[in-house]
Amino acid sequence: MLKNKSFPIFIISLLIAGLLVFSMFCYIVTKDTHRRTFIFPSAEDGKYIIEYRNLTNHPHQGDINLYIDEILLGSTVERTKWLFTPGTRVISCFERDHVLYVNLSADLLQMGDGVIEIREGIELLKKNIIKNFSKIDSVEIFIEGKTAFEK
């Protein structure tokens, strides 16, 4: 049996070993992910709510396409608005010469409760993409192959 003087040292050693095992587990679980920032409009006061998610590195559909899919799904926080009508999907997405071209479905054009204006949603989508992907200088949004808004 342990002596009374060595018992606290034994407990501290167990705690340190437990923390080491826990930190190794967390590292293994999150090493194939990348932390991304999502900005959504608040439903209450018109400000923005920032959300962080860990997304898979090198997904099958591509990093940017996965990010756009995630932002189209909406926020996990209930007090935010949608960028676009639920059901909006990415038709195509590619990058050329630091310009990202995103073609979205026409579902985007339908308005509904809890959805911000289309122009504001497009600008917020562009802001989110540029903030999270440093190699992208600008974003061009298309709706069913047609330019969303002329500058």
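# Burial, salt bridges and elements of the chain

User: What share of the 151 residues of the chain counts as buried?

Analyst: Buried means under 20% relative accessible area, exposed over 50%, and partly exposed in between (1.4 Å probe, protein chains only). Of the 151 residues of the chain, the part that counts as buried is 33%.

User: From which number are the residues of each chain counted?

Analyst: This is a predicted model, where local features need pLDDT of at least 70, side-chain atom pairs count only at pLDDT 80 or more, and totals for chains, interfaces and linings use all residues. Side-chain values use heavy atoms, with hydrogens and water left out, and residues are numbered along each chain, as its sequence is written, from 1.

User: In what order do the elements of the chain run?

Analyst: Helices (H or I, at least four residues) and strands (E, at least two) are DSSP runs, numbered from the N terminus. The chain has 3 helices and 6 strands. Starting at the N terminus, their order is α-β-β-α-β-β-α-β-β.

User: What radius of gyration does the chain have?

Analyst: The radius of gyration is taken over C-alpha atoms, and the globule rule is 2.2 Å times the number of residues to the power 0.38. Along its principal axes the C-alpha trace spans about 80 × 40 × 25 Å. A compact globule of 151 residues would have a radius of gyration near 15 Å, whereas the chain has 22 Å.

User: How much of the chain's contacts with a separation of 6 or more comes from residues 24 or more positions apart?

Analyst: Contact means heavy atoms within 4.5 Å. Among contacts with a separation of 6 or more, residues 24 or more positions apart account for 55%.

User: Which residues are linked in a network of salt bridges?

Analyst: A salt bridge is a side-chain nitrogen of Lys or Arg within 4 Å of a carboxyl oxygen of Asp or Glu, and the structure holds 3 of them. Arg 53 forms one with Glu 51, with the closest N and O atoms 2.7 Å apart. Arg 53 forms another with Glu 70, where that distance is 2.8 Å. The network is made up of Glu 51, Arg 53 and Glu 70.

User: How many residues apart are Glu 70 and Arg 53, which pair in a salt bridge?

Analyst: The closest N and O atoms of Glu 70 and Arg 53 are 2.8 Å apart. The pair links distant parts of the chain, with Glu 70 in helix α2 (residues 63-73) and Arg 53 in strand β2 (residues 48-56), a separation in residues of 17.

User: Why are Glu 123 and Lys 126 separated by about one helical turn?

Analyst: The side chains of Glu 123 and Lys 126 meet in a salt bridge (3.8 Å, N to O). Glu 123 is partly exposed, at 44%, while Lys 126 counts as buried, at 17%. They are about one helical turn apart because they lie 3 residues apart in helix α3 (residues 118-132).

User: Which residues does Asn 65 touch, not counting residues up to four places away in sequence?

Analyst: Asn 65 lies in helix α2. Its relative accessible area is 18%, so Asn 65 is buried. The buried residues of α2 also include Ile 64, Leu 66 and Tyr 67. With residues up to four places away in sequence left out, Asn 65 touches Val 90 and Cys 93.

User: Which elements are included in what covers the buried residues of α2?

Analyst: The buried residues of α2 include Ile 68, Ile 71 and Leu 72. Their cover includes β1 (33-41), β2, β3 (90-96), β4 (99-104) and α3.

User: How far apart in space are Asp 113 and Trp 82, C-alpha to C-alpha?

Analyst: Asp 113 sits in the loop between β4 and α3. With 80% relative accessibility, Asp 113 counts as exposed. Asp 113 and Trp 82 are 31 residues apart in sequence, and their C-alpha to C-alpha distance in space is 8.9 Å.

User: Which residues does Glu 144 touch, not counting residues up to four places away in sequence?

Analyst: Glu 144 is in the loop between β5 (138-143) and β6 (146-147). At 42% relative accessibility, Glu 144 counts as partly exposed. Leaving out residues up to four places away in sequence, Glu 144 touches Ile 91, Asn 103, Leu 104, Ser 105 and Ala 106.
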